[in-house]
Amino acid sequence: MAEFGDFLRALGECGRYQKLLVLLLSLPLLFNPFQMVGQVFMVVEVPYHCDTSWIRAVGPNLTEEEQLNLTLPRGTDGQFEQCSMYSPVDWDLDSILAYGLNDTQKCSNGWVYPSGQPPSLLTEFDLVCDRAVLNDVSQSIYMAGLLVGAMFFGMLSDRIGRRPVLLICMFIQSVFGLGIAFVPHFYVFIAFRFVVATAVSGIMITVVSLGTEWVGVSYRPKAVLIAHTAFAIGQMTVAGLSYGIRNWRLLEIVGSAPMFSLFFFIWVLPESARWLVTKGRIEEAKKLLQKAAATNKRSLPPELLEQLKPEKEAKSGSFLDLFREKNQRKITLVMSCVWFADSIVYYGLSLSVTDFGLDIYLTQLAFGAVELPARLSCIFLLEWFGRKKVQGILLILSGLLCLILTGIPAEQALAITVLAVIGKMTSTAAFSTSYVYAAEVFPTVIR
């Protein structure tokens, strides 16, 4: 019985069909970066202070400066405190002017922000003072969504196929991404972001699976890495969108709605023929293989097609399969550590774009721009030096750059940003290498 690789060699391991498929799979990745880092640009810091309009009841003719001087304490730097105010009193204005106010409390009537400021997550949902932590909580819950999505959609793609899972995830990301723009409360925002994150993770997984399972073994790195260049382009697009659109709701609509344009995937996206064979759906696999061969201007000999048989003891993969055999268990544990290191550096830098001291939009543009050479260079590095060496060296470089960053004074913003951009480049390359590595070391049924 012929192996599946024999059919790929017969129809062309990376012909026109596979190239068009990789291009097709790249399209959803153009829109994923917005969901990952878009929130960073919706919570840009602005000046604010407690709402102390209570004093207007006894002093309606006070100027704004007089009101603030009477109702807000000053810090050691001479600036008004942002998160505390003098406790309201039942006095007349003359008594307040004569004796002043001494007791302080936390803001009880909300906050005041600069007038004319486009609505942001920070100003609309008061993500300041004690509530500022909600922004970080939201990002953490988004990451939890990526975890849940990886586990759930990864196993689901083995049971019902790569194609339906990708379509489902694209639909979920489109609907809930657009729905975020209309949420009435921040807790609803967090919930919708969690759902979007599960879909983003599902898209990343199925794109890699489909891309690698349709090409020959030697072309897998190219398929993955070329598809990932779309992610880099999407990162740069985020910089332009967030710079031009400061209203967070409008930004969310513009960043999420384009995914609806990919509805045509329903008619053109193929299933993985390799997955169909593992499930014993031979006739469907034959039709797809013949279509791919025709697109590549090849023909599959009838005698070769007759050798396409269901795999013996074909079964669905499960999470436990990662740990049943000693060698597979070792690979799983090692790759889990690698992915943890990839994620903590890559996402740590990506979500800290506002902390490096330079213009956040230019920094984001640079972050996206360096991802292109980072991903494309891996095509050659992996071929010349192998997966293991490249993965190890890139992880070490990323870690060293992060350690160096912690020792640079905050005043040296340019040096910090330059090192952060280099760190983003090495961590991106490490991440891309992990996708290739994982696709190659795990069998099809548990990939």
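**Close-up views of the predicted model**

**View 1. Two buried phenylalanines, Phe-125 and Phe-186.** Both of these residues, Phe-125 and Phe-186, are buried in this model, which is a predicted one. When rings are taken to pair if their centres lie within 6.5 Å, the count comes to 21 aromatic pairs. For Phe-125 and Phe-186 the ring centres are 5.8 Å apart and the planes stand at 50°, so the pair is tilted. Phe-125 belongs to the loop between α5 (121-124) and α6 (133-160), while Phe-186 belongs to helix α8 (residues 186-213), so the pair ties together parts that are 61 residues apart in sequence.

**View 2. The ring pair of Tyr-243 and Tyr-361.** With ring centres 5.4 Å apart and planes at 75°, Tyr-243 and Tyr-361 form an edge-to-face pair. This pair links distant parts of the chain, since Tyr-243 lies in helix α9 (residues 220-244) and Tyr-361 in helix α17 (residues 360-385), 118 residues apart. Tyr-243 has 53% relative accessibility and counts as exposed, whereas Tyr-361, at 10%, counts as buried. The charged end of Arg-246 sits over the ring of Tyr-243, at 5.2 Å from its centre.

**View 3. A cluster of aromatic rings and, elsewhere, a charge over a ring.** Trp-339, Tyr-346, Tyr-347, Phe-431 and Tyr-435 are linked into a cluster by ring pairs.

**View 4. The largest nonpolar core and the surroundings of Trp-214.** The largest nonpolar core has 111 residues, and those with the most contacts inside it are Leu-121, Trp-214 and Leu-289. Its largest share, 12 residues, comes from α8. Leaving aside residues up to four places away in sequence, Trp-214 touches a set of residues including Leu-8, Tyr-17, Leu-21, Pro-270, Ala-273, Leu-288, Leu-289 and Ala-292, and also Glu-13, Gln-18, Glu-271 and Ser-272. Apart from this core lies another, of 12 residues, among them Ile-408, Ile-416, Ala-420 and Val-421.

**View 5. The crossing of helices α9 and α19.** The axes of α9 and helix α19 (residues 413-441) come within 10 Å and cross at roughly 140°, and this crossing is right-handed. On the side of α9 the contact is made by Arg-220, Pro-221, Val-224, Leu-225, His-228 and Gln-235, and on the side of α19 by Lys-424, Ser-432, Tyr-435, Val-436, Ala-439 and Glu-440.

Notes:
Residues are numbered from 1 along each chain as its sequence is written. This is a predicted model: local features need pLDDT of at least 70, side-chain atom pairs count only at pLDDT 80 or more; totals for chains, interfaces and linings use all residues. Side-chain values use heavy atoms; hydrogens and water are left out. Rings of Phe, Tyr and Trp (its six-membered ring) pair if their centres lie within 6.5 Å; planes under 30 degrees apart count as stacked, over 60 as edge-to-face and the rest as tilted. Helices (H or I, at least four residues) and strands (E, at least two) are DSSP runs, numbered from the N terminus. Buried means under 20% relative accessible area, exposed over 50%, partly exposed in between (1.4 Å probe, protein chains only). A charge sits over a ring if NZ of Lys or CZ of Arg is within 6 Å of the ring centre and within 35 degrees of the ring normal. A nonpolar core is a set of buried Ala, Val, Leu, Ile, Met, Phe, Trp, Tyr and Cys residues joined through side-chain atoms within 4.5 Å. Contact means heavy atoms within 4.5 Å. Axes are lines fitted to C-alpha atoms, for helices over the stretch in contact, and angles run from 0 to 180 degrees between N-to-C directions. A crossing is left-handed if the near helix is turned anticlockwise from the far one by less than a right angle, and right-handed if clockwise.
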